[in-house]
Amino acid sequence: MRILLRASLVAVALSLSACADFKVVKQFAGETTGMTVAVKEELSAIAALCNDAADLRLLLAESGVGNVAPQQESKKICREETEKVIAYQAVTTDVLELYAKTLLAMVDDSNFGLEASIASTGNKLGALKTKDGALIDAKKVGAITKVLSLLTDVIVQRQREEGIRRLVAAGPDLIANAQEIKRFLQIEYQGRVTRAQALANGGVAMLGTSGPLATNEPIRAAELRRALEIQMSALGRRTADGPVPKQLIAALDDWIALVPEFQRDALKRDPQALIQRIRDFGKKAGEAREAVEAAF
Amino acid sequence: MEQAKAGDRLTRGDLQAARQWHIDEAEALNEALAAAPDVTTMGKISDRQTELTNMAGRLNIASIELAIGEAKISAEHLNSAIAQAKKVIDRVAEVKAKLELLGSVLDFFAAVLTGSGTKIFAGAVQLASDLKAADTA
């Protein structure tokens with residue numbers, strides 16, 4: 001009788017500890033999603049900014065200032081960058097978001113639509129590889145593919161605790177994905193920003209109050225200058241020192257540092273230090289979101 | 001010169017200095033744009049500025065596979081070409097002449113984008129000739 005009582009007390013204790021651990025898992029998943037939302041918003045923003053800069057110069061060309069062809073080429077390059085480079089970053093970010101959603105689904109014991117979302121992300125990745133294999137590094141694609149395979153497996157197996165354990169253990173591949181996003185923000189993203197800035201600065205020079213455009217059509221020139229000021233303000237927040245990439249990279253760096261701690265402590269009883277750590281990361285993710293939202 | 005083998009490419013890292021040069025030269029045209037006396041002149045400068053930013057955009061996302069068996073072009077070759085071009089272009093005050101020289105550099109980088117060592121080499125020879133002509137003019 002005593003043994004039975006003891007066994008049931010142990011079972012209750014274990015289940016309680018499991019609930020507390022899974023709360024931490026949920027917390028981590030929630031804050032991870034906050035970070036991926038910020039990244040995805042910014043990917044949309046930078047895609048739009050390139051087009052906006054090109055559009056304004058095209059407008060001027062269509063009004064007779066220079067030729068239309070180079071400006072149309074400029075828009076084409078924006079589009080190609082979006083389809084190749086930004087699309088790849090979107091897939092990388094989707095993978096991290098899906099990881100978080102799968103964690104949540106396993107904790108809540110539900111997985112509505114996740115299999116389809118995972119498959120869709122896999123298809124998008126496959127399409128990118130086929131379009132221009134040289135742009136996509138095989139090692140980087142490997143990290144994405146491994147995470148997607150793990151997520152599919154965990155969902156299909158539907159073994160809650162085992163699934164959560166496997167997801168918690170998926171550190172290195174997740175970190176590789178986050179590092180890729182960070183690399184993009186430091187390199188190709190900055191290339192896109194400086195190109196858009198060069199176009200915008202040129203527009204400002206063309207629309208100067210003492211120039212022929214302003215002399216011939218002062219009202220229109222003033223309107224276009226106002227549109228340019230908005231563009232330049234948005235771009236200014238996105239330079240290498242600007243708040244948008246700085247906060248996003250800070251959030252990514254913090255998440256990368258957090259992952260091994262999460263791996264180590266997520267399934268322990270009452271991991272107070274980890275709970276606080278995740279809260280601190282959540283603040284950084286929030287700051288990144290605010291920086292993105294304030295910049296547009 | 002060494003010949004390119006399968007898998008040889010110019011990476012984005014190799015093209016970074018070239019990319020930045022195109023952006024810098026595009027920005028350097030703003031003074032001429034602001035001072036343009038008429039819409040026609042402004043249009044020509046605007047076209048060239050956009051062409052420079054377009055090339056920067058192409059170099060931002062490029063990973064250029066080098067043609068097997070043709071001359072193996074390196075980042076050093078490209079950076080040397082840019083350094084030579086910069087020296088001459090910086091000395092040219094006349095806007096029209098500057099735009100023409102920038103066009104010569106753009107033609108060279110159009111060849112670079114093909115990955116063909118033969119075309120790139122021919123482009124480099126042409127660019128050197130254009131720069132020399134401008135320098136002695």
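How many salt bridges does the rule find across the interface of chain A and chain B? The points below start from that count.

1. **Salt bridges at the interface.** The model is predicted. Across the interface of chain A and chain B, the rule finds two salt bridges. Over all chains, the count by this rule comes to 30.

2. **The A:E73 and B:R58 pair.** One salt bridge joins A:E73 to B:R58, with 2.6 Å between the closest N and O atoms. The pair crosses between chains. On one side, B:R58 sits in helix α3 of chain B, residues 39-61. On the other, A:E73 sits in helix α2 of chain A. Side chains of opposite charge can pair when their charged atoms come close.

3. **A:E80 and B:R58.** B:R58 has a further partner to look at. A:E80 is placed in helix α2 of chain A. Its side chain joins that of B:R58 in a polar contact of 2.8 Å. Leaving out residues up to four places away in sequence, A:E80 touches A:V85 and B:R58.

4. **Extent of the interface.** The size of an interface is often given as the accessible area lost when the parts come together. Here chain A and chain B bury about 2,400 Å² between them. Of this, 58% is on carbon and sulfur atoms. In contact terms, 33 residues of chain A meet 27 residues of chain B.

5. **Polar contacts and the chain A side.** The rule finds 12 residue pairs in polar contact across the interface of chain A and chain B, both residues at pLDDT 80 or more. Three helices of chain A each supply at least two residues of the side that touches chain B: α2 (68-108), α7 (188-206) and α8 (212-216). The largest share comes from α7(A), with 12 residues. By class, this side of chain A has 13 nonpolar, 11 polar and nine charged residues.

6. **A surface patch on chain B.** B:M1, B:F121 and B:V125 form a nonpolar patch on the surface. Together they have about 340 Å² of accessible area. Among them, B:F121 lies in helix α6 of chain B, residues 117-136.

Conventions
Residues numbered from 1 in each chain as written. Chains lettered and ligands numbered in written order. Predicted model: local features only at pLDDT ≥ 70, side-chain atom pairs only at ≥ 80, totals over all residues. Heavy atoms only, no water. Patch = residues over 30% accessible without salt bridge, like charges linked within 9 Å, V, L, I, M, F, W, Y side chains within 5 Å. Areas by Shrake-Rupley, 256 points an atom, 1.4 Å probe, with all protein chains shown as cover. Salt bridge = Lys/Arg side-chain N within 4 Å of Asp/Glu carboxyl O. Helix = DSSP H or I, 4+ residues; strand = E, 2+ residues; numbered from the N terminus. Contact = heavy atoms within 4.5 Å. Buried area = accessible area lost by both parts, 1.4 Å probe. Polar contact = N/O pair within 3.5 Å; in protein donor to acceptor, adjacent residues only side chain to side chain. Nonpolar A, V, L, I, M, F, W, Y, C, P; charged D, E, K, R; others polar.
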